[in-house]
Amino acid sequence: MDEVMDIADRFGHRQHVHLTWLAVRRYGSDAAVDLMCDGIQRTARYSGVPQKYNATVSRAWVELVGHHVGESDTADFDTFARRHPALLDKKLLTRFYRSSTLADARARAGWVEPDLAPFPWRRGDGAHQQAFGSSSPP
C-alpha cells in the first residue's frame with residue numbers, strides 16, 4: 001500500500017479509491033471494510049477531528065470499489081479507474097444517499113442502507129450501467 005503514498009503529493013479522493021482498490025484486491029471486500037474503516041477512523045482521531053469519521057461513507061466506498069474489483073480482471077489501477085470513472089466522482093454516494101442521511105449521527109456511528117437507490121448489485125433490474133455510467137466492459 002506504500003505505492004499509493006509514494007505517488008501522492010496529497011492524499012485526495014483518487015488516492016483513497018486507489019488504496020481501497022489495493023486493500024480489496026489484497027484482502028477481499030469484507031476484510032477491506034474493516035481495514036479501511038479502522039484506518040480512516042484512527043486517522044481522524046489522530047488528526048484531532050474524530051467527528052469527521054463517517055462509518056457509512058467509509059463502508060459504502062469500500063463496497064462500491066469492491067463490487068467493481070469483483071467484476072474486473074485488471075491488475076493496474078489506472079486501467080481500473082478508466083473503466084470505472086464514476087468511482088473517481090466524490091459525489092457518487094449522492095446517487096444512493098440523501099445528504100441528510102449521511103450527515104445523521106446514525107450514519108456516522110454505523111452502517112445505514114442507501115435511502116435513494118439500492119446499490120446496483122443489490123437490485124435485479126440490470127440498472128448497473130445507468131447507476132455507474134460504466135464506459136466500457138471490464
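**Getting the overall picture**

From the N terminus on, the elements of this protein run α-α-α-α-α-α-α-α. Keep in mind that the model is a predicted one.

**Exercise 1.** Work out how many helices and strands the protein has, and what share of its residues counts as buried.

*Solution.* Next, turn to burial: of the 138 residues, 42% count as buried. Finally, look at how the chain meets itself. Among contacts with a separation of 6 or more, 55% are between residues 24 or more positions apart.

**Exercise 2.** Find helix 2 and compare its span with the expected one.

*Solution.* Helix 2 covers residues 13-27, which gives 15 residues. From first C-alpha to last, helix 2 reaches 21 Å, close to the 21 Å expected at 1.5 Å a residue. Now check what comes after: Gly28 follows helix 2, and its phi is positive, near 90°. As for burial, the buried residues of helix 2 include His13, Val17, Thr20, Trp21 and Val24.

**Exercise 3.** Decide whether Thr20 is buried or exposed, and list what it touches.

*Solution.* Then use the cut-off, under 20% relative accessible area for buried. Thr20 has a relative accessible area of 5%, so it is buried. Leaving out residues up to four places away in sequence, Thr20 touches Met36, Trp61, Val62 and Val65.

**Exercise 4.** Describe the largest pocket: how much space lies in it, and what lines it?

*Solution.* Begin with volume: about 930 Å³ of space lies in the largest pocket. Then count the lining, which has 30 residues, with His16, Ile40, Val57, Ser58 and Trp61 nearest the centre. Sort the lining by type and you get 16 nonpolar, 9 polar and 5 charged residues. Lastly, trace where the lining comes from. Helix 2, helix 3 and helix 4 each supply at least two residues, and helix 3 gives the largest share, 7 residues.

Note on methods
Residues are numbered from 1 along each chain as its sequence is written. This is a predicted model: local features need pLDDT of at least 70, side-chain atom pairs count only at pLDDT 80 or more; totals for chains, interfaces and linings use all residues. Side-chain values use heavy atoms; hydrogens and water are left out. Helices (H or I, at least four residues) and strands (E, at least two) are DSSP runs, numbered from the N terminus. Buried means under 20% relative accessible area, exposed over 50%, partly exposed in between (1.4 Å probe, protein chains only). Contact means heavy atoms within 4.5 Å. On a 1 Å grid over the protein atoms alone, a cavity is a set of points where a 1.4 Å probe fits but cannot get out, and a pocket is an open set with protein on both sides within 12 Å along at least five of seven lines; lining residues have an atom within 4 Å of a point. Grid points are joined across faces, edges and corners, and a volume is the space filled by probe spheres set on the points. Ala, Val, Leu, Ile, Met, Phe, Trp, Tyr, Cys and Pro count as nonpolar, Asp, Glu, Lys and Arg as charged, and the others, Gly among them, as polar. The expected span of a helix is 1.5 Å times one less than its number of residues.
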